[in-house]
Amino acid sequence: MTIAKDKPTVEEKSTLEELVAEISRFEAIISEWDEGQRCVVVGLKRAIEDLHKEALTRLIRTVKQESLEALRHAVEDEVVYGILRYHELVKPPQAPLEQRIQTALEAVRPSLKSHDGDVELVAVKLPDTVEIRLIGNCSHCVASSLTLTEGIEHTIKAYCPEITHVVAVNKTKEADLSLTSPFEGTIEDRCVEVTRVEKIPEWCVLAAEVDGQRVILWRKGDKITCYRNACTHLAYPIDMGQVSNGIITCPFHRFKYKLETGECLTAPELPLESYPVRVDGNKVFVQVEK
């Protein structure tokens with residue numbers, strides 16, 4: 001059994017646009033209601049969505065048994081894919097690991113080049129190790145360990161959560177960490193003390209305010225992340241959303257975010273806005289000013 005993939009007709013596009021416009025109209029009306037009324041609507045919406053997800057799960061299971069090829073063709077439709085992504089029934093495509101590492105290195109290069117340095121990828125040693133080489137002034141600078149830890153390693157882990165070890169293969173001697181790295185002065189000098197580590201409940205979020213900016217902090221062991229307290233869908237606060245297995249769900253429109261990386265599981269192009277975090281002893285500092 002095969003299904004031919006046809007382009008949406010003008011009528012189908014018109015119907016889809018009308019449906020989206022209708023949803024937006026109701027969302028605008030509900031946004032004017034008080035919190036109690038919105039909670040009732042959110043509860044009803046959640047119950048309907050849970051019913052739809054169960055029905056879609058059973059449908060996918062049946063179609064997969066009959067014809068996996070038919071299911072693949074169905075998911076190629078952008079509307080079908082969007083709905084299945086919303087219900088977390090299909091996974092978003094992810095760039096290859098090496099590509100994401102290179103993207104991370106590109107993000108730190110401007111800071112390194114301002115000090116006549118650079119970095120290159122040497123090897124990826126699965127499952128969790130990356131080897132890099134510091135180039136130019138960074139290769140012999142006594143602050144290279146600080147550069148590696150504060151800039152390159154942090155950035156690689158942000159883009160590639162599966163990486164836990166970043167090793168500089170040309171490191172020849174222990175660096176004097178009291179000296180300045182290219183990343184000092186650009187991040188740490190603008191950090192503001194927000195809270196203490198023990199006040200952030202593990203696997204939960206803590207709402208706070210930094211220089212007038214509302215944020216949420218999340219902790220898993222020694223790792224702490226910080227994001228703007230706003231769903232990237234309609235900017236509603238998400239600190240009251242349900243947190244389960246490191247994923248927070250917006251209480252208003254059910255957008256889901258991975259708190260370890262900020263990735264939006266509902267719409268991958270809309271990740272949470274993140275802020276750099278620094279821990280000094282038991283104090284947690286956040287930088288909201290760029």
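## A surface patch and a pair of strands

Helix α1 gives the nonpolar patch its largest share, three residues. Welcome to this structure, which is a predicted model.

Let us start on the outside. The nonpolar patch on the surface is formed by L16, L19, V20, V79 and I83, and together these residues have about 400 Å² of accessible area. Two elements, α1 (10-30) and α4 (78-86), each give two or more residues to the patch. One member to look at is L19, which sits in helix α1. Is L19 buried or exposed? Its relative accessibility is 51%, so L19 counts as exposed, the cut-off being over 50%.

Now turn to the strands. Strands β2 and β3 run parallel and are joined by four bridges. In one of these pairings, T129 has H165 of β3 as its bridge partner.

With a relative accessible area of 17%, E131 is buried, because buried means under 20%. Which residues does E131 touch, leaving aside neighbours within four places in sequence? Its contacts are L121, V122, A123, K125, V167 and V169.

| Residue | Relative accessible area | State |
|---|---|---|
| L19 | 51% | exposed |
| E131 | 17% | buried |

Conventions: Residues numbered from 1 in each chain as written. Predicted model: local features only at pLDDT ≥ 70, side-chain atom pairs only at ≥ 80, totals over all residues. Heavy atoms only, no water. Patch = residues over 30% accessible without salt bridge, like charges linked within 9 Å, V, L, I, M, F, W, Y side chains within 5 Å. Areas by Shrake-Rupley, 256 points an atom, 1.4 Å probe, with all protein chains shown as cover. Salt bridge = Lys/Arg side-chain N within 4 Å of Asp/Glu carboxyl O. Buried < 20%, exposed > 50% of the residue type's maximum accessible area, 1.4 Å probe, protein only. Contact = heavy atoms within 4.5 Å. Pairing = 2+ DSSP bridges.
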